[in-house]
Amino acid sequence: MESAKGGYIDAHAHLWLHQNTIVDGSPICQLEPNRSRSIFFGEERQMLPPWMTDGQNTAERFLSNMDYAQVCAAVITQEFIDGLQNDYLEVVRRQYPERFFCFGMADYRRPGYLSEVERLVECGFKGIKIPAARLPQQFLNDEMMQTMRLLEQKNIILGIELADGDAQVGQMEEIISECPQLKIAIGHFGMVTRPNWMAQIRLARHENVYVESGGITWLFNDEFYPFPSAVKAIREAADEVGWHKLMWGSDYPRTITAITYRMSYDFVTKSKELTDEQKQFFLRDNAKKLFGFNKLKALPYIKNMSE
């Protein structure tokens, strides 16, 4: 089966050249000099693997990880805690079109962002990210709905992460009703370890809504590898919405401070609870369909020195 041979697609990863921003009045920035740690909401955190001493989470470093782990393509999302990375991701998108699908992002915390979204679409971004969980709980206003209509009209994919549970699910139902052709990828697997997480998963019952699992190993970090409860949650979600609606995401690079990049998916490939067909839907086919990866690079398995 192809699912056992690599060729996977990561539906949730991050890239940046520099991380220096303010969220909710708190700074998020790299510690200097020669440190891979960051100040994160007033605390020192290991944001990157310790060998990334320059703080640069680049496409080339990720490609090295991807090639080694037999991940042929990745979706690069954005988050306020990384700062806006549109300029860098524009370069990445043009330089590696067959390896990366990149989301653009505006600053939705300030009115007038619709014009910035329009500019990002004109620049060629095929996806727009909205971290709704970091916006006011009632994030859907007139300008946001105009943004949704624009994305639907231009056939742009919406990437969105919601507040825990069903706090923002009603607003998503309104968006889906108003923009039924809008393609949507819901992140962080509905914040699966939080109460009422399945309310977000059930949004994928709608034809053009998908769910990706970026951060699932972080959410089940207390249990740790091989994350049997994560596998159970993936199966529960599939029972609700079908295997054709779920996608693997690593949340690279933050998650690989605790595990390797390969470990972010091989808890799925090694699971005896899932069939090869289910693994292929989850690890490759669904993301390939949604994000339009048509020319996937074949990657051979490379042995470790320890093997």
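Strand 2 has a covered face, made up of Thr21 and Val23, and an uncovered face, made up of Asn20 and Ile22; strands here are DSSP runs of E with at least two residues, and helices are runs of H or I with at least four residues, both numbered from the N terminus. The model is predicted, so that local features need pLDDT of at least 70 and side-chain atom pairs count only at pLDDT 80 or more, whereas totals for chains, interfaces and linings use all residues. Residues are numbered from 1 along each chain as its sequence is written, and side-chain values use heavy atoms, with hydrogens and water left out.

**Pairing of strands 2 and 3**
- Strand 2 and strand 3 (residues 26–30) run antiparallel and are joined by four bridges, where pairing requires that DSSP finds at least two bridges between two strands.
- Within this pairing, Asn20 has Cys29 of strand 3 as its bridge partner, while Ile22 has Pro27.
- The two strands form a hairpin with two residues between them, and Asp24 in the turn has a positive phi of about 55°.

- Four strands make up an open sheet in the order 2-3-4-5, with antiparallel pairing.
- Strand 2 (20–23) and strand 5 (43–45) are the edge strands, each of which pairs on one side only.

**Ser213**
- Ser213 lies in the loop between strand 11 (209–212) and helix 7 (216–219).
- Ser213 counts as buried because its relative accessibility is 0%, buried being under 20% relative accessible area with a 1.4 Å probe and protein chains only.
- Leaving aside residues up to four places away in sequence, Ser213 touches Phe189, Met247, Trp248, Gly249 and Phe282, contact meaning heavy atoms within 4.5 Å.

Conventions: Buried < 20%, exposed > 50% of the residue type's maximum accessible area, 1.4 Å probe, protein only.
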